[in-house]
Amino acid sequence: MTASELSIVRPSGRTRGLRLLGVLRQLARRPEGVVGVVILAFFGSLAIAPELFVGPLQTAVTADGPRLSPPTDGFPLGTDELRRNMVNLTVHGARVSMAIGLLATVITVFIGALIGIVSGFVGGRVDAFLMRITDFFLVIPTFVLALILTPIIRELVGSGSQQLFGIRMTLIVIVVVIGITSWSSTARIIRSQTLSLKERAFVDRARVIGAGSGHIMTNHILPNVVNLIVANTVLVFAGAVLTETTLSFVGLGDPFQPSWGQILEAARSVGAPGLGAWWYFAPPGVCIVLVVFAFTLVGAALDDILNPRRRSRR
Amino acid sequence: MGSSFLARRLATAGITILLIVVVNFILFRAMPGSPERVILRGTPNVTQERLEAARERWGLNDPVFPDQFVAFLGATATGDLGFSFVARGQTVSAVLAQRIWPTVILFGLGEVVAIVLGLALGAYSGWRRGGPVDYVGNGVSLVLYSTPYFLLGMVLLLVFATGLGWFPTFGMLTAGATYASFTDRIVDFLAHLALPLATVSLGLVGQYAIVMRSSIIETLSDDYITTARGMGLRDGRILRHHALPNAMLPTVTLIAINLGYVVAGAITVEVVFNWPGLGTLAVEALTARDYPVLQGVFLLLSVSVVLANLLADLVYGVLDPRVRT
Amino acid sequence: MTVTTAAERRARARPRLAVEGAPLLEVENLTTHFRLDSGVVRAVDGVSFRLDEGEALGIAGESGCGKTTTALSLIRLLPANARIVDGTVKLFGIDLVAKSDNALRRYRWREISIVFQGAMNALNPVHRLREQIAEPLVQRLNVSPREARRRAGELLELVGIPKKRGSAYPHELSGGMRQRAMIAMALACDPAIVIGDEPTTALDVMVQAQILELLEDLRHKLGLSLILITHDLSVIAETCDRVLIMYAGKVAEEGTVHEVFRRPRHPYTQKLLSAFPNIHADRRTLDVIPGSPPDLRNPPPGCRFAPRCPFAMAVCTEVVPPETTFDGVRVACHLYPAGSDGAPVTVPTADAIAAGGARP
């Protein structure tokens with residue numbers, strides 16, 4: 001994707017808003033875009049106000065269903081071993097999974113964009129140094145790193161039951177860990193875009209007027225990589241949800257605030273697959289697949305819209 | 001192949017491995033609890049003298065940098081990774097050694113199967129674009145791509161082991177079994193391997209097929225393909241000799257990039273099937289807060305991924321002469 | 001590979017099915033359509049021409065006039081959405097259009113080969129040069145790999161590339177050398193006809209001259225027949241015996257280079273030639289042809305050039321001009337109706353000239 005595909009924007013809020021509208025309109029024209037957005041909207045609303053749909057999260061104390069039962073009257077998706085309604089669990093899980101995903105994405109994209117823009121724009125040894133670090137994170141299995149960091153940071157931070165944005169500290173640690181281990185591909189993408197933008201005339205013009213580097217980076221480079229950042233954010237979000245799910249699955253979740261991954265972990269340790277208790281892991285599983293699938297669809301549609309050259313075939 | 005190409009790749013890999021050890025060192029120092037307790041927690045009968053001796057041996061009285069760091073480097077290089085908390089008295093290296101082969105077999109075979117199947121499927125899809133195989137394959141691949149490996153594993157377990165009873169539900173060998181012959185043992189092993197292997201392969205096949213497909217489609221629009229057709233070569237020859245070698249390139253890159261991610265998946269698959277490899281070891285160590293073992297796993301897995309990436313880089317260099325200059 | 005002279009070529013075995021006494025190549029009413037989502041593009045619409053042994057025919061015209069498609073249609077090297085819907089292509093009297101894909105394959109490269117623009121991608125980037133040139137020898141002529149490599153070396157020398165550069169990869173060569181390599185590859189099976197599709201367009205002028213010289217040289221040495229496709233009239237003037245001017249999928253004019261360039265009959269040809277800067281003439285503004293070629297999904301009725309033609313008459317927008325031949329020239333223009341002796345029926349009106357021939 002080259003800068004020539006983007007319209008060069010002067011940093012005016014109104015211009016940015018209009019472009020966003022145009023993108024949304026184009027998204028609506030594609031079937032995969034529509035499907036993706038609809039699915040995400042559905043889960044988004046579940047995530048924002050789960051209590052509206054299923055009431056408060058059931059605990060071992062408030063649960064009233066039969067133990068580990070397949071779907072029956074009043075329990076359309078069955079129950080877990082603590083006699084909780086799977087529907088209740090799954091909907092609340094939506095909130096936890098999506099919230100963690102969102103927060104982690106914010107951190108990831110922020111770090112990635114920052115490093116990408118600075119590295120691409122400043123160049124030279126700063127660039128070389130930053131890219132060395134970026135490549136390191138690209139190569140190593142960051143999941144295993146996250147696996148180690150999480151318990152260490154948790155022990156260092158101490159276990160309290162404070163909450164941030166309604167998320168318990170144990171999970172906030174996961175948010176931070178995902179954020180600091182996943183930024184490298186974003187950084188690479190943003191950096192190459194910055195590199196090509198750097199050569200454009202408008203940057204030279206700004207420099208001639210006497211604009212400082214910081215000013216150029218925020219007011220000229222940033223608005224023109226925003227499109228790219230948005231498209232990338234969607235995919236980062238999908239990755240964050242998957243990473244959190246996997247981390248929870250290996251035991252780093254919080255049973256008091258179960259995400260979908262945590263539910264799956266509970267299902268596994270109870271031996272659900274071996275017992276044939278499909279209702280325990282099917283609902284959260286299907287939700288994960290749907291959400292990630294939706295993100296991928298939207299991300300692909302956005303990529304198509306913002307990078308039309310890839311579509312053309314002579 | 002240019003010697004500078006080789007040298008550059010080796011140097012980069014070397015630096016990355018060094019950085020991994022640095023990260024390990026930082027973790028070692030950052031661990032909660034004083035380091036010497038951490039080192040010795042697994043061993044019985046810790047007296048004050050032993051504690052002091054450990055401090056000396058590990059140079060914990062020396063300044064952190066460079067002395068401690070160099071000592072750590074040396075220790076790591078010789079395979080001295082400390083003692084496990086949980087496995088009383090056992091060194092981390094010994095623990096790792098026990099669990100490494102099941103992972104290599106599962107993961108290695110899984111990748112091989114996925115590569116062969118994925119490339120074949122993708123190439124066929126790309127060649128016969130728009131056919132029913134193409135659409136179905138594409139859809140299935142996309143869904144598989146969105147599914148975490150362990151979920152896939154759980155579903156396969158449910159259907160094929162619990163449901164149909166074709167395969168056992170966990171472990172590498174049936175617990176407590178005695179075997180009449182070596183073949184029986186192999187058969188039991190294979191029966192246990194089947195589902196986890198299928199999970200790992202399925203998880204990967206989709207991605208490789210998708211990349212190979214779009215790669216073939218792009219390659220087929222290149223001019224040298226038209227030249228080859230103009231030469232009157234058969235379709236099969238054009239695909240095999242001209243299209244494939246070029247289409248393989250992005251796939252090799254993908255395989256390399258993917259390795260870090262696949263490790264995550266492999267860990268969770270092992271957990272689902274209770275496959276006694278490094279993955280289950282990592283999770284056990286995590287639960288038991290056996291930090292030395294956890295670090296050992298991190299070191300081993302990270303270095304393996306780096307080396308695998310290096311290998312992929314070299315393979316790419318063999319396949320594409322343009323990068324060799 | 002022994003170098004074949006023109007005489008030896010004529011004596012050499014023709015394809016098994018060759019018709020006695022038939023001309024080398026005879027194309028009649030070739031019509032090729034492209035199927036797009038937006039409609040059917042009549043890229044080549046009733047094109048006829050003939051090529052004799054040892055001749056060099058140039059096909060000229062604007063981009064999109066169908067010259068490349070015409071050439072590709074000869075060996076049916078068309079994309080999946082294109083189809084030859086009518087006409088015949090008779091090579092030594094054998095109709096290639098009627099042949100099945102498999103049967104046609106046998107004639108590719110062995111009788112007709114093609115040299116594309118030597119852009120980066122025309123040669124396979126992951127194979128060495130020698131290998132690529134040897135490939136048709138091994139695959140099509142069943143030559144042993146060792147012998148094929150030896151012949152490949154000879155071919156390279158023939159086109160002016162040192163034999164030892166055969167172990168190079170395409171990206172290691174300059175544009176000119178790549179083009180030469182493509183020519184060597186095209187000659188591998190000793191074809192009767194070589195088609196050059198814009199063979200010099202991507203090259204700078206000096207290299208262009210070298211390549212043209214090489215083609216000339218090879219033509220005479222090997223008794224080749226050439227079809228040269230280009231939009232550059234100077235190339236045709238230099239290398240070809242005859243020229244075929246195409247416009248919007250149809251033949252506008254055809255004849256010997258000497259005659260057509262000296263006295264262009266078709267208004268389009270006249271415009272083409274006058275659009276070409278003359279180094280000897282007074283300085284004046286370049287004569288541009290106003291307007292643009294028609295949309296071939298929906299070509300205008302009658303003559304396709306009429307909307308831009310300064311000589312356009314009423315009949316031009318209604319009836320497709322028939323082809324007439326006189327003075328060794330073939331023209332499709334109402335200025336020269338059937339049976340004409342070469343005198344145009346009219347001269348342009350002052351209005352038409354002033355309007356530059358542009359029609360709404």
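1. Contact between chains A and B. In this predicted model, 43 residues of chain B meet 35 residues of chain A. On the chain B side, six helices each supply at least two residues: H1 (3–30), H6 (132–146), H7 (149–163), H10 (235–273), H11 (278–287) and H12 (291–319). H12(B) gives the largest share of that side, with nine residues. The class count for the side of chain B that touches chain A is 29 nonpolar, 13 polar and one charged.

2. Contact between chains B and C. Here 18 residues of chain B are in contact with 20 residues of chain C. Two elements of chain B give two or more residues to this side, namely helix H9 (223–230) and H10. H9(B) has the largest share, six residues. By class, the side of chain B that touches chain C holds six nonpolar, six polar and six charged residues. For the side of chain B that touches chain A, the corresponding figures are 29 nonpolar, 13 polar and one charged.

3. Helices H10 and H11 of chain A. The axes of H10(A), residues 213–252, and H11(A), residues 260–270, come within 7 Å and cross at roughly 30°. That angle is why H10(A) counts as roughly parallel to H11(A). The crossing of H10(A) past H11(A) is right-handed. H10(A) contributes Glu244(A), Thr245(A), Thr246(A), Leu247(A), Ser248(A), Phe249(A) and Gly251(A) to the contact, and H11(A) contributes Trp260(A), Gly261(A), Gln262(A), Leu264(A) and Glu265(A). These residues divide into four nonpolar, six polar and two charged.

4. Helices H6 and H10 of chain A. H10(A) also packs with H6(A), residues 142–157, at an angle of about 50° and with the axes 11 Å apart. The angle makes H6(A) oblique to H10(A), and this crossing is right-handed. From H6(A) the contact takes Phe143(A), Ala146(A), Leu147(A) and Thr150(A); from H10(A) it takes Thr243(A), Thr246(A), Leu247(A), Val250(A) and Leu252(A). By class there are six nonpolar, three polar and no charged residues. Thr246(A) and Leu247(A) are listed both in the contact with H11(A) and in the contact with H6(A).

5. Domains of chain C. The domain assignment gives domain 1 (6–244) and domain 2 (264–354). Their C-alpha centres are 30 Å apart. Ten residues of domain 1 and seven residues of domain 2 form the contact between them. On the domain 1 side, strand E2(C), residues 39–51, provides the largest share, five residues. That side has five nonpolar, three polar and two charged residues.

6. Four-stranded sheet of chain C. An open sheet with antiparallel pairing runs in the order E2-E1-E4-E5. E2(C) and E5(C), residues 94–95, are the edge strands, and each pairs on one side only. E1(C), residues 25–36, runs antiparallel to E2(C) and is joined to it by nine bridges. Leu30(C) stands opposite Val47(C) of E2(C). Helix H2(C), residues 67–74, packs on the sheet and touches E1(C), E2(C) and E4(C), residues 82–91. The direction of H2(C) makes about 70° with that of E2(C).

7. Eight-stranded sheet of chain C. A further open sheet has the order E6-E7-E8-E3-E9-E10-E12-E11, and its pairing is mixed. E6(C), residues 112–115, and E11(C), residues 323–326, each have a single partner strand, so one side of each is left without a neighbour in the sheet. Neighbouring strands are turned against each other by 20° on average, direction ignored. Within this sheet, E9(C), residues 242–247, and E10(C), residues 250–256, pair in the antiparallel sense over six bridges. Arg242(C) stands opposite Thr256(C) of E10(C).

Methods
Residues numbered from 1 in each chain as written. Chains lettered and ligands numbered in written order. Predicted model: local features only at pLDDT ≥ 70, side-chain atom pairs only at ≥ 80, totals over all residues. Contact = placed C-beta atoms within 7 Å. Nonpolar A, V, L, I, M, F, W, Y, C, P; charged D, E, K, R; others polar. Axes fitted to C-alpha atoms, helices over the stretch in contact; angles between N-to-C directions. Parallel < 35°, antiparallel > 145°, perpendicular 65-115°, else oblique. Left-handed = near helix turned anticlockwise from the far one by under 90°. Domains from an automatic or database assignment. Pairing = 2+ DSSP bridges.
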